[in-house]
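Trainee: I am new to this structure. Could we go through the terms and check each one against its definition?

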Amino acid sequence: MEELTGDGLTLGDRGSPESAIRARQLRKSYGKFVALDGIDLDIPKGAICGLIGPNGAGKTTVLKSLVGLCDAGGDLAVIGHDPRLAREALMQDACFIADVGVLPKSLRVIDVLDYVDDVHPKFDREKALRFLSTTDIDLRKRVKALSKGMVTQLHLALVMAIDVELLILDEPTLGLDIIYRQEFYDRLLTQFYDGRQTIVISTHQVEEIESLLSHLIFISRGKIVFSTEMEALQRRFVEVAVTPENFSLADELKPIHTRSTLGGKDYLFETDDDEQATPDRRQFERLGRVSTPSVADVFLAKLGGVHE
Amino acid sequence: MSDSSIVTLAARRWRGLLMREIRENRSLMLYAPCLLVLVAILLGLRLFTLFSLERQTAAMDLLFNRFEGINALELAPLLTSAGALNLVFIVGIALSYLATSLYSDRRELSYFFWQSMPISDRATVMSKVATSVLVIPAIYLAILTLGSMILFISAAVYSFSLGVELNGLVELVSTMSIALGFIGLSAVTAMLWLLPAVGWILLFSAYATRVPLLWAIGGLVALSLLEEVVLSSNTIDTWIASRSSPWQYLVFSIDDLGARLFSYDMLFGALLGGILISGAILMRRFAD
């Protein structure tokens, strides 16, 4: 695991053949607006990587670049293909769900299945039908007549029936209620992911995917500001619930973020190095109750001032 | 992978692409022709009822007995010419479809779904060209044939009830079938003849941020104006005028079809159309 600071944050082994996604100096502008400002990425095969960032950070542009829907500059290899030159070949081994509303509304469910069956050589129609039989979706209904949750189930049925190496999800559960959101991720993990595939997910609802992730990337204003493996995150960050009498001691340890709570403050500390995490933790234990911060807490600490 | 598997995969892919166009454009491709044919039938019936019974009987007698013993191939061009208006409808439907095809693709969220499939921009654009040149004329012709059959059977039953003999029935059916075939071939010829227009409209449909048809027409007018001002000539206007009469698309025999398909004008138009369609493929790639 390699971690750098500044614009050149990377994940995984640089240039390794085991990289599912490798990008160098990825750039994209819309007029004067710089959407991607020289991003480097290395996402290993088999990773479930969360791409987290505020609105307008460039998450969707990154994901669109990965599947050739956006003509970004720089070097880019996605499961061995340059998406700008070989999108057709790439999409035989990759799937992309933009959000819940992207299935063509005027088509019937069976028409959508027929279409994918005709054009995708790796689509297993029977598998999709088996999945759909566990839902309330009527194959003769038009997509526009389905609820948002059902459209998501249909999309998931399509994706799970395609034998792909890479799945890219851009806010896949946006606008869904909590039951459908939970079901979406449960099925993704239990019925799709078997360790061979690489999944990249961008979402605002980071707390829901936290337990799934093996890797994490924070993006802001077109730059990667932080990236880590989830295991390293748990070693590297410490949250301490500090009581008022220990505030000054805690302040001396230079927290990266504080948050007022009932009767005290939560302090978030970043340890310098993974190896030193254990002695640091003992030091923190003297200040109050020590816990592992959530991804949302680290996100706020790293990007909290982004809207200011 | 064997050659037959490759062919099967390619055929299935094209079936998927063309069926997508039909399913997404049902109103324009299916309902509009049905409505046009229905209106034409109703209008014909209304005019027919304006005649007295004697005149109706005479008209039916003319229709079902006049063609007895006549060579259908000789008579078919007359009926084909009478059906020239259908070419205007087919071309109108095809050009309307093209103007919105790539544009709607980009404007709707479903763009991301279509683009998540392993289909290249070239295949997508070519499927739209094939739809306008082959699928729309084929669907229109099928509906026109069905409408003609209904009208023909109704007329035969009505004539029989009036006591009119149906001696020229076989010749009439043959003539109508040949004429419908010629109208179908004429429609495909018309769309091939109009390949430059197909490419030009697709070019704007692939990139314009709004009202692509207006941009396509505006672009053409601007080019024509520029030619007039800079070169003091009107080649573009003359060229467009030379390709816009439905009568020139009419095909009256297989020899006629061959002569039109391999004419210099047709091949030049196809070349220009091909260049513009390639431009549309590039435009679509960069219109993110």
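Mentor: A residue is called buried if 20 or more other C-beta atoms lie within 10 Å of its own, exposed if 12 or fewer, and partly exposed in between, with C-beta atoms placed from the backbone. By that count, 33% of the 288 residues of chain B are buried. The model is predicted, with local features needing pLDDT of at least 70 and side-chain atom pairs pLDDT 80 or more, while totals for chains, interfaces and linings use all residues. Residues are numbered from 1 along each chain as its sequence is written, and chains are lettered from A and ligands numbered from 1 in the order in which they are written.

Trainee: What makes a stretch of chain B a helix, and how many helices are there?

Mentor: Helices are DSSP runs of H or I with at least four residues, strands are runs of E with at least two, and both are numbered from the N terminus. On that basis chain B has 13 helices and 0 strands. Its pattern along the sequence is therefore written α-α-α-α-α-α-α-α-α-α-α-α-α. The C-alpha atoms of chain B fill a box of roughly 70 × 55 × 35 Å along the principal axes.

Trainee: Why are β11 and β13 of chain A called edge strands?

Mentor: Two strands pair if DSSP finds at least two bridges between them. In chain A, 4 strands form an open antiparallel sheet in the order β11-β12-β10-β13. Strands β11 (257-261) and β13 (288-291) each pair on one side only, so they are the edge strands.

Trainee: How do you know that β12(A) pairs with β10(A) and with β11(A)?

Mentor: Strands β10 (residues 237-242) and β12 (residues 264-270) of chain A are joined by 6 bridges, including the one between A:V240 and A:Y267. Between β11(A) and β12(A) there are 5 bridges, one of them linking A:T261 to A:G264.

Trainee: What counts as contact, and how many residues does each chain give?

Mentor: Two residues are in contact if their C-beta atoms, placed from the backbone, lie within 7 Å. The contact takes 22 residues from chain B and 25 from chain A. On the side of chain B, α1 (3-24) and α6 (111-115) are the elements giving two or more residues. The largest share, 10 residues, comes from α1(B).
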